[in-house]
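Subject: Structure handover

Hello,

Please find the structure below. My notes on it follow.

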Amino acid sequence: MIIAIDIGNTDVVIGFYEKEEWRHILRMPSNLEMDASEYEKRLRVFLLEEGIELFEIEKVILGSVVPDLTPVILEVFDQFKEGQMVLVDGELLQKLSLGRINPYELGADLAANAVGVFTMCQQSAIVVDFGTALTFTSVNNQGEIVGVAIAPGVQTAMKSLSSNTAKLPEIPLKIPAKALGNNTVEAMQAGIMQGYVGLVRHMVAQVKAEMGGQPKVIATGGLSFIFEPLHDLFDEMDVNLTLDGLRAMLSKLA
Ligand SMILES: Nc1ncnc2c1ncn2[C@@H]1O[C@H](COP(=O)(O)OP(=O)(O)O)[C@@H](O)[C@H]1O
Ligand SMILES: CC(C)(COP(=O)(O)O)[C@@H](O)C(=O)NCCC(=O)O
Ligand SMILES: [K+]
């Protein structure tokens, strides 16, 4: 079994890969108030519920974009794999020859998206990741990163709008039928959700024009599913792309 851990700004996602697939996936909130013992408790409940036995772990790889949570999650898994965990850091990213990016600055999840998409497509591609941030990561025909764009994720944008205004509530992230609403919730849904449809279409078109060729467009991230009107834009949607990329890093480094 291989365990891949993606510590994002919203969720810690833990994938258990066995017999050619992600057999189990555990999502826990990325919460700096939780300590190692609380994460461990949740993990143990999950292992019991799913009947997962941890004695045949080959490798554990961890990518994190939340530095303060990294040691907490490392502590949880250290007992299973004493000191044998692979941490995606600048040094490791440097070894992967990802092109003209700074390996010490690039987010581990974006690097994993790049490696994952190239492993999947073997050609130039754009990954659109709908997480806490909305990110666009493109790779060329050699699997090197051409560049990245980072925007606020749609939920982040909505929460920020609500918290910066006196009268705007937090709203359900649903695509409204029209670009103009007739009440506050509809108006916010129109501006945010229809707005993001346009943002993503524009960015994908612009990135394609800058890259040339025919890059594949792959969507990932928990919030990708709510953008139904965008689905024609994507060659594929793959929620496990970041985990796949982490796993592919292990093969590339072996
Ligand atoms: N089954 C699911 N798979 C993926 N994401 C989900 C799922 N259910 C809900 N989400 C939501 O998608 C959002 C983005 O999560 P994610 O892509 O993991 O962001 P990050 O990588 O920034 O932590 C979160 O609000 C998460 O709760
Ligand atoms: C861009 C991100 C915030 C995305 O994080 P996420 O939405 O997955 O939580 C993360 O990849 C990050 O902090 N990156 C470091 C900056 C960079 O990649 O250049
Ligand atoms: K992510």
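Why does Asp129 count as buried? Asp129 has 27 other C-beta atoms within 10 Å and is therefore buried (20 or more other C-beta atoms within 10 Å of a residue's own make it buried, 12 or fewer exposed, anything in between partly exposed, with C-beta atoms placed from the backbone).

Some conventions before the rest. This is a predicted model, in which local features need pLDDT of at least 70 and side-chain atom pairs count only at pLDDT 80 or more, while totals for chains, interfaces and linings use all residues. Residues are numbered from 1 along each chain as its sequence is written, and chains are lettered from A and ligands numbered from 1 in the order in which they are written.

Annotated positions

Asp129 sits in strand β6 (residues 125–130); helices (H or I, at least four residues) and strands (E, at least two) are DSSP runs numbered from the N terminus. Not counting residues up to four places away in sequence, Asp129 touches Asn113, Thr135, Thr220 and Gly221 (contact means C-beta atoms, placed from the backbone, within 7 Å).

Asp109 belongs to helix α4. Asp109 is buried because it has 31 C-beta neighbours inside 10 Å. Leaving aside neighbours within four places in sequence, its contacts are Asp6, Gly8, Gly63, Val65 and Thr242.

Ligand 2

Around ligand 2 there are 14 residues, the closest being Gly8, Asn9, Gly107, Gly131 and Ala133 (a residue is near a molecule if its C-beta atom, placed from the backbone, lies within 6 Å of it). The elements giving two or more residues to this shell are α4 (108–121) and β7 (133–139).

Sheet

Strand β6 is also part of an open, mixed sheet of five strands, ordered β8-β7-β6-β9-β10 (strands pair if DSSP finds at least two bridges between them). At the edges are β8 (145–152) and β10 (236–237), each pairing on one side only. The pairing of β9 (residues 216–220) with β10 is parallel, over two bridges, and Ala219 stands opposite Met237 in β10.

Core

The largest nonpolar core has 60 residues (buried Ala, Val, Leu, Ile, Met, Phe, Trp, Tyr and Cys joined through C-beta atoms within 7 Å). Ile73, Ala111, Ala114 and Val128 have the most contacts inside it. Helix α4 supplies the largest share, eight residues.

Regards

Methods: Two residues are in contact if their C-beta atoms, placed from the backbone, lie within 7 Å.
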